[in-house]
Amino acid sequence: MDCRIKVWDLSQQTLVTTYNAHTQPVHCVACSPAEESLFISCGQDGRVLMWDRRKPDKPATCLDVESPRCPATAVAWHPHHRSTIALGDESGRVTVKDLVGTELVRSEKVHSRRVNSLAYSTHSTPMLASVSDDCSLVVLNSELQQVLRDRRHQDFVNDVCWLQGGSDTLTTVGWDHLVLHHTVGTANGAPTPPCRQRCSSQASAQLHFH
């Protein structure tokens with residue numbers, strides 16, 4: 001791991017820029033849903049950086065994340081609030097922070113081990129999904145209250161992704177070589193049984209719905 005972040009033009013399949021500000025491996029990058037020039041990264045060096053590609057001389061600013069107990073390992077940007085981000089850390093804690101400081105920081109110990117990925121749904125009031133080395137998926141509401149917990153993976157859960165369009169369906173992938181499809185909520189409040197399929201490629205691959 002070279003601790004660098006690379007920005008690609010996917011339409012041209014070309015490298016646009018390489019950034020080098022983290023001093024240890026980069027865990028996660030999340031792009032702003034409102035400004036294509038902005039993204040956030042977190043790394044093993046314990047820093048959470050805000051990037052602005054419009055500022056070539058100093059594109060990165062270190063964010064104050066209230067001295068987290070452990071380094072952030074995952075970050076996600078709220079789909080409707082441009083100043084709100086979610087962070088997961090090595091201890092299993094999930095924190096929601098308002099970057100402009102007008103809202104209180106909310107934080108909950110959601111997992112017993114490291115958070116590997118976070119993803120917001122696209123509902124008008126989004127849910128937040130979190131997956132972890134404790135082999136579980138957790139879905140939280142806007143108050144960070146648990147809506148669903150699924151422990152069907154038999155190994156570390158590496159990534160999570162929601163189906164777009166305000167769907168209640170999300171997918172997880174784990175080191176057990178399984179891709180599981182989940183639906184949040186039924187009439188009686190219980191999760192529906194997930195659909196299983198075995199991943200033929202390396203199970204640590206990341207997920208993305210188009």
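How many bridges join β11 to β12, and do these strands run parallel or antiparallel? Five bridges join the two strands, and they run antiparallel. Strands are DSSP runs (E, at least two residues), numbered from the N terminus, and two of them pair if DSSP finds at least two bridges between them.

The model is predicted: local features need pLDDT of at least 70, side-chain atom pairs count only at pLDDT 80 or more, and totals for chains, interfaces and linings use all residues. Residues are numbered from 1 along each chain as its sequence is written, and side-chain values use heavy atoms, with hydrogens and water left out.

**Strands**

In β11 (residues 115–120), six of the six residues are buried; buried means under 20% relative accessible area, exposed over 50%, and partly exposed in between (1.4 Å probe, protein chains only).

An open sheet is formed by four strands in the order β7-β8-β9-β10, with antiparallel pairing. Its edges are β7 (72–77) and β10 (106–109); each has a single partner strand, so one side of each lacks a neighbour in the sheet. On average, neighbouring strands of this sheet are turned by 15° against each other, direction ignored; the axes used are lines fitted to C-alpha atoms, for helices over the stretch in contact, and angles run from 0 to 180 degrees between N-to-C directions. Inside this order, β8 (residues 84–89) and β9 (residues 93–98) are joined by five bridges, and I85 stands opposite K97 in β9.

**Aromatic residues**

The structure holds three aromatic pairs. Rings of Phe, Tyr and Trp (its six-membered ring) pair if their centres lie within 6.5 Å; planes under 30 degrees apart count as stacked, over 60 as edge-to-face and the rest as tilted.

| Pair | Distance between ring centres | Angle between planes | Class |
|---|---|---|---|
| Y19 and F39 | 6.1 Å | 45° | tilted |
| Y19 and W51 | 4.8 Å | 40° | tilted |

Y19 in β2 (residues 14–19) and F39 in β4 (residues 38–43) are 20 residues apart, while W51 in β5 (residues 48–52) is 32 residues from Y19. Y19, F39 and W51 form one aromatic cluster. Y19 is buried at a relative accessible area of 11%, F39 at 4% and W51 at 2%.

**Loop residues with positive phi**

C135 is not a glycine, yet has a positive phi of about 70°. C135 lies in the loop between β12 (128–132) and β13 (137–140). H177, also not a glycine, has a positive phi of about 65° and sits in the loop between β16 (169–174) and β17 (178–183). With a relative accessible area of 33%, H177 is partly exposed.
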